[in-house]
Amino acid sequence: MYDLKPYLEEIDKVIARGPFADSWDSLQHYQVPDWYRKAKFGIFIHWGVYSVPAFGSEWYSRNMYIQGCPEFEHHVRTYGAHKDFGYKDFIPMFDAPKFDPEAWADLFQKAGAKYVVPVAEHHDGFQMYKSEISHWNAFEMGPHRDILGELDHSFKERNMETGASSHRIEHWFFMGRGKEFDSDIKEPMERGDFYWPAMPERDHYDLYSQPEPTEEFLQDWLCRTCEIIDQYHPKILYFDWWIQHHTAKPYLKKLAAYYYNRAAQWGEEVVINYKHDAYMFGSAVVDIERGQFAEMKPYFWQTDTAIALNSWCYTENNEFRPAEDLICDLVDIVSKNGCLLLNVGPKADGSISPEDTKILLEIGEWLKVNGEAIYDTGVWRKYGEGPTEIVEGQFSDSIKKNFTHEDIRYTVNGSYLYATALKCSPDGNYTLKALGIQDASRQANFHGIVLDADVLGFEEKPEWVRDENGLHIHVNTVQSCKPVVFKIRID
């Protein structure tokens, strides 16, 4: 068993040297990096042992042990009794013969991504990187490759920033249901075992749920996460939801102080993504899972969502969202001071499905033409206008947004205001109400000068006129199934 004590002592030394201490007072001096604010669009990767059964979702390792669950029934029907074929027995099948990090990097670059966040360890406890803490990792088993390391190298060659996602803390309860019947999850277990600790699962949105994680488990979590930091220098650390449990709070502070201090030593600027107020506001970056905010925020934030509506990993029945819907989400999020982390789930063999590939390339083609309205931009005085309401909050991405050509989103860069119509007008007419001529008494509205207007990606020069109702733009030949961007020079 790996001795955690020397690593824990090193973590304390790094924190003691500063500049950040493991307290909220200190961590609130954190500043979101400019590179992240400018990047706007990243790719999330859910790939692991759960991609082998490709059934249900990436929660297969939990659900296959819940009696009566569809995954349980599928497992028995397809692989046999759990005592004879458990989750661990998928690992030799995860040999990934088609995994090509260069091909992945090429695709994500063509998609327009500026940063990429692979899942380093999911709830199942299988590490996708070379580790000294556990032998249950992709370098020693399955593909016998340092997946995270190879991807990091390929992304950096293409000037994309690399992050890492840890979902380890949910492993506390994730495999616990397997103890309720005759399966391969049995006591005794100790730290370092694949299924350890497999505790009973309670309400995992309860901040005080019992049984609560032990000091040994949380120290193991801290060391595993710091190992990722030290080996790969990720520019982003993404955490899933259960780190908000009250027992994790001291360890979250230690982890952030260690990460920020290491980054300072290396001369790098880094990001932590968190959900559900797990981190104190201002000490890291808020993330909204499968949803977004209805209004612009004064702080920078992130949405993480997936190309597939039903699963984060590849399954044989994934329901794919169309590229135009995802582009609309990207535009809306960026206009509200956010960024989008879009997930793709590769197949177990290491290939990326034709459906995922097509959607990513469509997004990339749009960004190739219209990216100046997204990358490096800032928020304007208002994020946008239009009749379509955005349902705020997590897990709302399945709600279809029927945008119209009156739904406009604004971003700004220097002398240029970008007005993106989320749907193409059938008659070529657009009205930007926020740019109407204002009388002197309406001080809260735009009083600047409009000098010129162009439409990105089309040769036609728009006709435009401005009055008290807005900036009226007309184009004859602009037709698209995706958002249309007007580049407006103002003074």
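**View 1. Domain 1 and domain 2 have C-alpha centres 36 Å apart.** The model is predicted: local features need pLDDT of at least 70, side-chain atom pairs count only at pLDDT 80 or more, and totals for chains, interfaces and linings use all residues. Residues are numbered from 1 along each chain as its sequence is written, and side-chain values use heavy atoms, with hydrogens and water left out. Domain 1 spans residues 4–373 and domain 2 spans residues 378–490; these bounds come from an automatic or database domain assignment. Domain 1 brings 31 residues to the contact and domain 2 brings 30 residues, where contact means heavy atoms within 4.5 Å. About 2700 Å² is buried between domain 1 and domain 2, and carbon and sulfur atoms give 58% of this area. Buried area is the accessible area (1.4 Å probe) that two parts lose on being put together, summed over both.

**View 2. Salt bridges cross the interface of domain 1 and domain 2.** Six salt bridges are found there, a salt bridge being a side-chain nitrogen of Lys or Arg within 4 Å of a carboxyl oxygen of Asp or Glu. Side chains of opposite charge can pair when their charged atoms come close. Lys 400 and Asp 325 form a salt bridge through their side chains, at 2.7 Å from N to O.

**View 3. Lys 98 and Asp 349 form a salt bridge.** By this rule the count of salt bridges comes to 37. In the pair of Lys 98 and Asp 349, the closest N and O atoms are 3.7 Å apart. Lys 98 lies in the loop between helix H5 (70–79) and helix H6 (101–110), and Asp 349 in the loop between strand E8 (338–344) and helix H12 (354–370), so the pair ties together parts that are 251 residues apart in sequence. Helices (H or I, at least four residues) and strands (E, at least two) are DSSP runs, numbered from the N terminus.

**View 4. An open sheet has its three strands in the order E12-E15-E14.** The pairing is antiparallel; two strands pair if DSSP finds at least two bridges between them. Strand E12 (429–432) and strand E14 (463–467) are at the edges with a single partner strand each, so one side of each has no neighbour in the sheet. From one strand to the next the twist averages 20°, with axes taken as lines fitted to C-alpha atoms and angles running from 0 to 180 degrees between N-to-C directions. Four bridges pair E12 with strand E15 (residues 470–474), and Leu 432 stands opposite Leu 471 in E15. E14 and E15 are joined by five bridges, and Arg 466 stands opposite Leu 471 in E15. The hairpin from E14 to E15 passes through two residues.

**View 5. Two cis peptide bonds are shown, at Pro 197 and at Pro 211.** Trp 196 and Pro 197 are joined with omega about 5°, and Pro 197 is in the loop between helix H8 (171–174) and helix H9 (215–232). The bond from Gln 210 to Pro 211 has omega near -5°; Pro 211 is also in the loop between H8 and H9.

**View 6. Asn 159 has a positive phi.** Phi is near 60° in this residue, which is other than glycine. Asn 159 is in the loop between helix H7 (147–157) and strand E3 (161–166).
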